[in-house]
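Student: I am new to this structure. Please show me how to read it, one feature at a time.

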Amino acid sequence: MSSVDEDIKQMQEQIKKYGSVTQSNIQVQIIEGPGSQEGNRGSITASSGGKVEGYGILYNAEWEVGNWGDTMTFTRR
């Protein structure tokens, strides 16, 4: 089973390879943990102490653990 930390590593690898992670026309170039997990949902938020940033705008990220590529959502902080 995947964990939030493993998912974050995969996101960072994608950023390193392609320059960003994009969902719903939002591109982020920085994803840093720590993240948190509640049930099968992972997240990176101000309260978890993580950072999700795209073009100077900070976001919260939420996804299904182990399936972030299909379920990632970004909301502006």
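Tutor: We will go from the overall fold to single contacts. This is a predicted model, where local features need pLDDT of at least 70, side-chain atom pairs count only at pLDDT 80 or more, and totals for chains, interfaces and linings use all residues. Residues are numbered from 1 along each chain as its sequence is written, and side-chain values use heavy atoms, with hydrogens and water left out.

Student: How many helices and strands are in the chain?

Tutor: Helices (H or I, at least four residues) and strands (E, at least two) are DSSP runs, numbered from the N terminus. The chain has two helices and eight strands. Along the sequence they follow the pattern α-β-β-β-β-β-β-β-α-β.

Student: What radius of gyration does the chain have?

Tutor: The radius of gyration is taken over C-alpha atoms, and the globule rule is 2.2 Å times the number of residues to the power 0.38. For 77 residues, a compact globule would come out near 11 Å; the chain has 11 Å, which agrees. The C-alpha atoms fill a box of roughly 30 × 25 × 20 Å along the principal axes.

Student: What share of the residues count as buried?

Tutor: Buried means under 20% relative accessible area, exposed over 50%, and partly exposed in between (1.4 Å probe, protein chains only). Of the 77 residues, 36% count as buried.

Student: Which residues touch the most other members of the largest nonpolar core?

Tutor: A nonpolar core is a set of buried Ala, Val, Leu, Ile, Met, Phe, Trp, Tyr and Cys residues joined through side-chain atoms within 4.5 Å. The largest has 17 residues, and V21, V28, I31, V52, W63, M72 and F74 touch the most other members. The elements giving two or more residues are α1 (4-18), β2 (26-28) and β7. The most come from α1, which gives four.

Student: What is V28 in contact with?

Tutor: Contact means heavy atoms within 4.5 Å. Leaving aside neighbours within four places in sequence, V28 has contacts including I15, V21, V52, Y59 and F74.

Student: How many aromatic pairs does the structure hold?

Tutor: Rings of Phe, Tyr and Trp (its six-membered ring) pair if their centres lie within 6.5 Å; planes under 30 degrees apart count as stacked, over 60 as edge-to-face and the rest as tilted. There is one aromatic pair here. The ring centres of Y59 and F74 are 6.1 Å apart and the planes are at 50 degrees, so the pair is tilted. Y59 sits in strand β7 (residues 57-64) and F74 in strand β8 (residues 73-76), 15 residues apart. Y59 is buried at 9% relative accessible area, and F74 is buried at 9% relative accessibility.

Student: Where is Q23 found?

Tutor: Q23 lies in strand β1 (residues 21-23). Its contacts beyond four places in sequence are W68, G69, D70, T71, M72 and F74.
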